[in-house]
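Here is a friendly tour of one model, arranged by topic.

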Amino acid sequence: MPTPAATPEIAFWRLPLAGLLEKLCATPGGLSRAEATARLAKVGPNVTSGERKRAVILQFLAKFLNPLVIILLVASAISGATGDRVSFIIISAIVLMSVTLDFVQEHRAGQAAEWLRDSVAVRARVLRDGQTLDIPLAEIVPGDVVLLAAGDLIPGDGRVLEAKDLFINESLLTGEPYPVEKAPAELPDQAEVLRAKNTVLMGTSVISGSAKVLVCRTGQGTSLGEIADTLAAKAPANSFQQGTQKFGLLIMRMTILLVLFVLLANALFHRPWLESFLFAVALAVGLTPELLPMVVSVTLARGALRMSAKKVIVKRLDSIQNLGSMDVLCTDKTGTLTEAKIHLERHVDASGKESQRVLELAYFNSFFETGLKSPLDDAILEHQEIDAKAWHKVDEVPFDFERRRVSVLLEGATGRLLVVKGAPEDVLRLSESYEAEGGARALDPAARAGITAVFEALSKDGFRVLGIASRSVGMDHPHAVVGDESALVFAGFAAFLDPPKESAKQALADLAAGGVTVKIVTGDNELVTQHICAELGMPVAGVLTGTEIQQLDDHALQAKVEQVNLFCRVAPAQKNRVILALKQRGHVVGYLGDGINDAPALHSADIGISVESAVDVAKASAAMILLEHDLGVLQAGVLEGRRTFGNIMKYIMMGTSSNFGNMFSMAGAALFLPFLPMLPVQILLNNLLYDVSEIPIPLDNVDEEYLAKPRQWNMAFIRNFMLVIGPVSSLFDFLVFFILLKVFHAGAELFHTGWFIESMASQVLVIFIIRTRRNPFTSRPNAWIVACSLAVVAVAIGLPFTPAGVHLGFVAPPAFFFLVLAGILVAYLLAVEGVKQWFFRHLAPA
């Protein structure tokens with residue numbers, strides 16, 4: 001079979017189907033596996049331009065686009081051009097080592113994250129060699145035949161071959177919120193693909209029904225691919241990205257001020273311009289935590305791997321911090337608080353008596369329904385098999401989350417019958433009569449009150465209830481439409497039980513103890529939800545129904561959401577409003593959902609969470625996937641999120657305080673020393689070795705008390721910590737300066753050597769003080785941090801005794817210096833510990 005063009009530039013919705021199949025070299029039975037593999041190699045993966053990855057070499061070269069790296073390379077080139085080849089070689093080597101270290105660690109972290117994302121990638125069902133296979137969306141090629149069902153994402157632009165009550169949500173492309181029905185058709189005169197009823201487009205989703213579709217365009221050639229860059233550009237920065245941006249601005253301001261000060265001081269002392277320029281650049285590099293992107297990537301990837309071991313798969317790495325910062329979790333109750341093992345327990349008439357008629361009508365509705373089937377449908381069909389051969393289906397009004405009901409039009413020997421199943425209050429509202437002994441009776445206020453009492457009694461007992469009704473229509477009634485759901489004859493209720501999860505009670509208690517407020521957002525009624533909460537020991541602070549939400553404007557809703565923790569009988573749009581109202585109140589909001597109706601809320605939440613068994617649109621909208629639908633699994637993920645964020649904050653606190661102290665010392669020393677406090681290449685080496693000592697931070701342990709509450713970016717805390725702890729380092733640096741100059745009568749080389757060793761030892765060893773709010777002897781660090789830190793200090797002490805150290809401008813210091821240094825280091829660490837404890841008692845949040 002010949003291979004067609006990669007992405008056919010054809011109006012596939014206008015061509016005759018036979019001609020389209022011939023042009024794509026395809027058949028309604030699907031491609032062979034060999035042909036599909038060949039096409040994938042030629043066409044490339046089915047991804048939009050925003051998702052394509054750059055070549056590894058380009059990713060590596062992009063690291064050199066950092067402005068500080070460029071300045072260092074220019075400075076290195078100037079050194080080489082002026083004859084200082086040693087500086088040229090050493091600076092170039094340090095830059096290359098630093099960039100390579102950053103790239104390798106970040107690349108490995110990216111690969112780990114990619115592997116996790118692939119493990120929960122959305123998949124599609126395709127026909128290959130006459131068999132149905134589940135494959136990742138990226139492997140779909142033109143000519144594939146795809147099978148679609150409710151909840152599926154459309155994997156490419158394609159032509160509908162077969163359809164049964166197929167309704168598509170195209171709002172991503174058209175902006176229209178209403179579903180559009182699709183069916184096989186020949187449309188030779190249709191000019192616009194978005195108006196073609198015989199076509200489905202990539203990125204849209206199936207609301208209800210089923211279909212077989214021929215894929216005609218994939219990847220960049222799809223309608224979605226054409227606007228993918230525009231869509232991607234509109235994505236706002238999340239809270240984690242905003243935090244790193246603010247931190248970068250803080251460091252940039254500090255760097256500019258110090259560098260300008262040093263340049264001015266050196267100009268006043270008439271020092272050589274090249275040496276002063278190199279010193280200022282090295283100073284800027286020393287103050288900048290240039291390995292922050294690597295440390296963040298590695299820490300997040302490490303956190304993602306740890307979370308995967310706890311059955312939480314991270315799709316977007318920066319969502320880990322959002323999970324750790326989450327203080328409100330909104331969730332449905334089914335499957336989260338309950339077992340999701342739903343059983344039909346009762347089927348009663350309007351008076352509350354057991355009724356076979358109610359069971360038959362419910363069974364017929366679920367049996368003939370072809371749209372979005374729920375666990376309630378499965379429970380009805382499993383309860384008792386009923387012979388439906390006497391009936392055949394004429395039409396259907398699919399379920400949607402605004403109407404909250406589904407209707408099927410059936411034909412039998414006695415005529416045509418519309419059978420309706422849905423939310424009890426809605427079905428009852430649309431009914432004019434009810435079935436009773438002796439025939440239908442008018443649904444007067446007294447009868448309506450009695451039926452409502454039966455419904456409320458079932459709900460208070462914890463039953464989830466559906467209303468069942470019917471309506472006879474004429475044989476000439478050709479189709480079922482929403483307007484037919486009126487003047488119904490109410491039959492009764494189907495009552496289901498979904499017992500609470502044993503693990504949910506403890507998980508709710510753990511989340512509450514960890515500072516996370518759980519709010520239930522459900523389509524079920526308030527009586528059933530309150531019954532479940534009572535069994536789980538969850539206090540009910542307040543209840544808000546969908547009807548009440550509809551009457552509130554956004555400001556009023558924002559006031560209500562603080563007081564209420566049960567939102568019942570809510571539609572998808574109302575779920576989204578609740579999420580947005582909580583965010584407006586300053587909360588970091590998580591949302592746990594698995595259905596088609598959850599997609600808007602998952603997208604709006606700070607952290608969208610779904611489950612592996614969820615429909616495609618929910619998994620695509622979520623940032624994390626739980627491999628088990630269990631709040632206990634989520635609680636473990638929350639703790640990992642906080643642990644990951646804690647380690648990122650350690651690097652920032654260590655780097656900013658130590659670097660700021662050292663650079664402040666250099667700037668001050670430049671005012672009274674007749675030579676530079678440290679050579680530019682020595683500053684770069686100091687910075688590189690310090691960064692190496694911090695590489696194991698992603699592996700470090702985090703104190704239990706740090707995990708006890710949500711944590712968010714706090715720029716005032718970071719700034720204050722840097723300004724309080726940094727000067728402590730500078731005070732001891734100035735003490736070392738005094739001893740070197742007055743006790744050892746140090747010249748430039750001995751001064752550089754002595755301060756290099758003291759600087760390295762003090763800022764590396766202080767890691768063990770800063771990494772915990774506790775007494776450092778009661779908080780055990782990771783073994784790799786201990787080993788790496790001590791190794792770096794040993795290198796710094798031993799370097800002046802090597803030929804390489806001589807080339808770098810070092811000399812071997814006298815033995816007595818090391819005795820003095822030991823005393824200074826002990827005093828310094830004790831001082832930092834004391835200042836740290838004072839800071840956390842008086843200036844920092846708990």
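Strand E3 (residues 145-149) is mostly covered, with 4 of its 5 residues buried; buried means under 20% relative accessible area, exposed over 50%, and partly exposed in between (1.4 Å probe, protein chains only). Helices (H or I, at least four residues) and strands (E, at least two) are DSSP runs, numbered from the N terminus. This is a predicted model, in which local features need pLDDT of at least 70 and side-chain atom pairs count only at pLDDT 80 or more, while totals for chains, interfaces and linings use all residues. Residues are numbered from 1 along each chain as its sequence is written, and side-chain values use heavy atoms, with hydrogens and water left out.

**Strand E3 and its partners**
- Strand E1 (residues 123-128) pairs with E3 in the antiparallel sense over 3 bridges; two strands pair if DSSP finds at least two bridges between them.
- Within that pairing, valine 145 in E3 has leucine 127 opposite.
- E3 is also joined to strand E7 (residues 205-217) by 5 bridges, and the two run antiparallel.
- Valine 146 has valine 213 in E7 as its bridge partner.

- Strand E14 (residues 431-436) pairs in the parallel sense with strand E17 (residues 488-497) over 3 bridges, and tyrosine 434 stands opposite phenylalanine 490 in E17.
- With strand E15 (residues 439-442), E14 pairs in the antiparallel sense over 4 bridges; here the bridge partner of tyrosine 434 is arginine 441.
- E14 and E15 form a hairpin with 2 residues between them, and glycine 438 in the turn has a positive phi of about 95°.

**An open sheet of 8 strands**
- The 8 strands follow the order E8-E23-E22-E21-E9-E18-E20-E19, with mixed pairing.
- Strands E8 (312-314) and E19 (543-545) stand at the edges with a single partner strand each, so one side of each is left without a neighbour in the sheet.
- Neighbouring strands of this sheet are turned by 20° against each other on average, direction ignored; axes are lines fitted to C-alpha atoms, for helices over the stretch in contact, and angles run from 0 to 180 degrees between N-to-C directions.
- Strands E22 (residues 607-611) and E23 (residues 624-626) pair in the parallel sense over 3 bridges, and isoleucine 609 has methionine 624 in E23 as its bridge partner.
- Helix H20 (residues 572-584) packs on the sheet, touching strands E9 (328-331), E18 (517-521), E20 (566-568) and E21 (589-592), and its direction makes about 160° with that of E21; contact means heavy atoms within 4.5 Å.

**Lysine 421**
- Lysine 421 sits in strand E13 (residues 415-422) and is buried, with a relative accessible area of 6%.
- Its side chain makes a polar contact of 2.5 Å with the side chain of asparagine 365 and one of 3.2 Å with that of serine 366.
- A polar contact is a pair of N or O atoms within 3.5 Å; within protein, one must be able to donate a hydrogen and the other to accept it, and residues adjacent in sequence count only if both atoms are side-chain atoms.
- Leaving out residues up to four places away in sequence, lysine 421 touches residues including Glu369, Asp377, Arg405 and Leu466.

**Aromatic pairs**
- The count comes to 22 aromatic pairs; rings of Phe, Tyr and Trp (its six-membered ring) pair if their centres lie within 6.5 Å, and planes under 30 degrees apart count as stacked, over 60 as edge-to-face and the rest as tilted.
- Phenylalanine 717 and phenylalanine 839 form a tilted pair, 5.8 Å centre to centre with 50° between the planes.
- Phenylalanine 717 lies in helix H25 (residues 715-742) and phenylalanine 839 in helix H30 (residues 815-842), so the pair ties together parts that are 122 residues apart in sequence.
- Phenylalanine 717 is buried at 10% relative accessible area, and phenylalanine 839 counts as buried at 0%.
- Ring pairs also link Phe675, Phe734, Phe737, Phe751 and Trp755 into a cluster.

**The whole protein**
- The protein has 30 helices and 23 strands, and buried residues make up 56% of its 846 residues.
- The mean pLDDT is 83, and 86% of the residues reach 70 or more; pLDDT is the predictor's confidence in each residue, from 0 to 100.
- Over residues 230-236 the pLDDT is below 50, and this stretch has 3 contacts in the model beyond near neighbours in sequence.
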